[in-house]
Amino acid sequence: MTQMQRVELAPGYSISRILKGGWQLAGDHGSVDRATAIADMGAYYDAGVTAFDCADIYTGVEEMIGEFRDDYRNRRGADSLDQLKIHTKFVPDLSALKTIDHRLVQQTIDRSLSRLRVERLDLVQFHWWDYSVPRYLEVAQWLRELQQAGKIDRLSGTNFDTQRTKELVDAGIELTSMQVQYSLLDRRPARQLGAYAREHGIHLFCYGTVAGGFLSGRWLGAAEPGQDIANRSLIKYKLIIDDFGGWDLFQTLLQTLERIAVKHGVSIATIATRWVLDQEQVAGAIVGVRRGDHLPEHLKVMAVALDAEDRSAIAQVLAQSSTIEGDVYSVERDIHGRHGNIMKYELNSAT
Ligand SMILES: NC(=O)c1ccc[n+]([C@@H]2O[C@H](COP(=O)([O-])OP(=O)(O)OC[C@H]3O[C@@H](n4cnc5c(N)ncnc54)[C@H](OP(=O)(O)O)[C@@H]3O)[C@@H](O)[C@H]2O)c1
């Protein structure tokens, strides 16, 4: 089996370039069998996927990872998870942004520590719903204080655009990474954030790499779905397909990816993930795992190398696509817009 590629994010802090995503275990993507989900975590870890992504707002997922840690170490020994890095998020509710104080930040971080059953969080990705409440720098400083107090190892962000990423950096917040949507359908990070991140040594972690499963053989030749879309990821990424240029152009992309996939003896999803990992400043692709059945495909991402002919065929389709306006996460920030409308803003106090 091809070795999992790894990347050193900071001296002594290295992760697998494929990260196992946790949102799919939070209940919005169908029912979850807890024991199977925990067993899947072990299978991914054993296969070399040693970094897990989760969030304080993914209902029950931090607890599940905490249980996995204890179970695995009890069975295999205290140092058996030495390579495990758990990347959580700090996502205060929209309604709390005006009033959030140091105490609430600390309580939320303490809650993640206790749910994950760790003494220090490996990496915390800060999210802020609304820039018009201009308190993200103040709150980031409180996170930094908790980092200095030893509760957090690395600080990072998610969904901050280039301007606000710069504000955080200028305020002295040392960001290890920025987690953003990045895929063949959504190349907004390549516009500005990628270059800024490169200049400042900020690694990009990418979600949406297979657009919730749309970028896979399952949708090749399929009719455009209507209101009956199966889960929240697919609802979210169908909007991105619409912005990309619609269903027909999406099918042209899938046909091109299928030709490349057949040539390399892998799947469309594997090619789509490889393409993201090959983009500038991308350290890792976060793959959503609902069940463990895509693990072999996720590992094949390491074995495949796109050549000039593949890249050119893909570029020809992408050249026909529409531009999603704005910087990363800009269209999503309009809470009454198509993208913002489907988001859940008050999960932190509810979980
Ligand atoms: N920071 C943020 O705002 C944010 C937002 C979204 C997600 N995330 C993170 O990113 C992770 C990924 O989430 P996502 O929404 O972007 O989902 P995604 O990884 O684009 O899609 C995940 C789904 O795609 C299907 N899939 C995955 N690999 C496949 C393969 N090789 N072949 C065929 N189908 C495949 C599976 O669907 P089936 O289970 O139906 O087969 C899986 O549940 C999340 O778990 C979360 O950790 C972060």
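Reader: Which strands make up the closed barrel?
Author: This is a predicted model in which local features need pLDDT of at least 70 and side-chain atom pairs count only at pLDDT 80 or more, while totals for chains, interfaces and linings use all residues. Residues are numbered from 1 along each chain as its sequence is written, and side-chain values use heavy atoms, with hydrogens and water left out. Taking strands as DSSP runs (E, at least two residues) numbered from the N terminus, and calling two of them paired if DSSP finds at least two bridges between them, the closed barrel has eight strands with parallel pairing, in the order E3-E4-E5-E6-E7-E8-E9-E10.

Reader: In E7, which residue is the bridge partner of Val124?
Author: Strand E6 (residues 121-126) pairs with strand E7 (residues 152-158) in the parallel sense, over five bridges. Across E6 and E7, as well as strand E5 (85-90), lies helix H4 (residues 136-148), which runs at about 160° to E7. Within E7, the bridge partner of Val124 is Leu155.

Reader: Which residue in the turn of the hairpin formed by E1 and E2 has a positive phi?
Author: Strand E1 (residues 6-10) runs antiparallel to strand E2 (residues 13-16), and four bridges join them, with Glu8 having Ser14 in E2 as its bridge partner. Two residues lie between E1 and E2 in this hairpin, and the one in the turn with a positive phi, about 80°, is Gly12.

Reader: How much of the area that the ligand exposes when taken alone does the protein bury?
Author: The ligand is surrounded by 30 residues, the closest being Gln24, Asp53, Gly208, Arg218 and His294, where a residue is near if one of its heavy atoms lies within 4 Å. Among the polar contacts (N or O pairs within 3.5 Å), a side-chain N or O atom of Gln24 is 2.6 Å from a ligand oxygen atom, and a polar side-chain atom of Ser233 lies 3.0 Å from a ligand oxygen atom. By the Shrake-Rupley method with a 1.4 Å probe, the ligand taken alone exposes 890 Å², of which the protein buries 94%.

Reader: Which element gives the most to the shell around the ligand?
Author: Helix H7 (232-244), strand E10 (282-288) and helix H10 (295-300) each supply at least two residues of that shell, helices being DSSP runs (H or I) of at least four residues. With three residues, the element giving the most is E10.

Conventions: Polar contact = N/O pair within 3.5 Å; in protein donor to acceptor, adjacent residues only side chain to side chain. Contact = heavy atoms within 4.5 Å. Axes fitted to C-alpha atoms, helices over the stretch in contact; angles between N-to-C directions.
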